[in-house]
Amino acid sequence: MFKIAIYSFLVSTSLWSCIPAYTVSNKEYRNAKADFTKQKAFVANKDLKKEFDILKHSKIYEIVDDSTNVAKITLHPMTTRTPFCGNPMIGSMITLGLMPSGFPYDISYSYDIDEKNTKKNYQYNLKVYQSLWLFNIFRLGKTFSKQSGKALLGNYIASNK
């Protein structure tokens, strides 16, 4: 019984010490700013919570609650591809978070926008990197939705040049 308690404590400590933080993989998108006039838009399916949070954090559109006389956005479920193997995480777990590890995320993000009886589809490939490290405790604001939003904003600006 004592061995089980010790093993449980060690496993939980190693998992707690691996604090996740996310970063936009494309360096040129990390400091992207939405310094353009924002179109007012109503999101029809806010129930896709992750997709809606990413769009909200991108600050591409001014999201409103009234659907009259504004563009209507319909979000599509995103697909996220990560590596199949979790081996990079083992180093962080064994060293109690002192050795950093990470995973790349490839996200297929798309939505439709209806404006004045015209429907347009936007598709983006967002690249975000998840870091597991004890010292990520100082990077707590680097959440998945915020960094994915920055990647979306960078892709949006790059595609509209």
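**View 1. Helix H4 from end to end.** H4 has 16 residues, and its first and last C-alpha lie 22 Å apart, close to the 22 Å expected at 1.5 Å a residue (1.5 Å times one less than the number of residues). Helices (H or I, at least four residues) and strands (E, at least two) are DSSP runs, numbered from the N terminus. This is a predicted model, in which local features need pLDDT of at least 70, side-chain atom pairs count only at pLDDT 80 or more, and totals for chains, interfaces and linings use all residues. Residues are numbered from 1 along each chain as its sequence is written, and side-chain values use heavy atoms, leaving out hydrogens and water.

**View 2. The largest nonpolar core.** Such a core is a set of buried Ala, Val, Leu, Ile, Met, Phe, Trp, Tyr and Cys residues joined through side-chain atoms within 4.5 Å. Of its 31 residues, Leu 55, Tyr 61, Ile 73, Tyr 109 and Tyr 111 touch the most other members. E6 supplies the largest share, six residues.

**View 3. Around Leu 55.** Which residues does Leu 55 contact, leaving aside neighbours within four places in sequence? With contact meaning heavy atoms within 4.5 Å, the partners of Leu 55 are Val 43, Tyr 61, Ile 63, Ile 73, Leu 75, Tyr 109, Tyr 111 and Leu 152.

How values were computed: Buried < 20%, exposed > 50% of the residue type's maximum accessible area, 1.4 Å probe, protein only.
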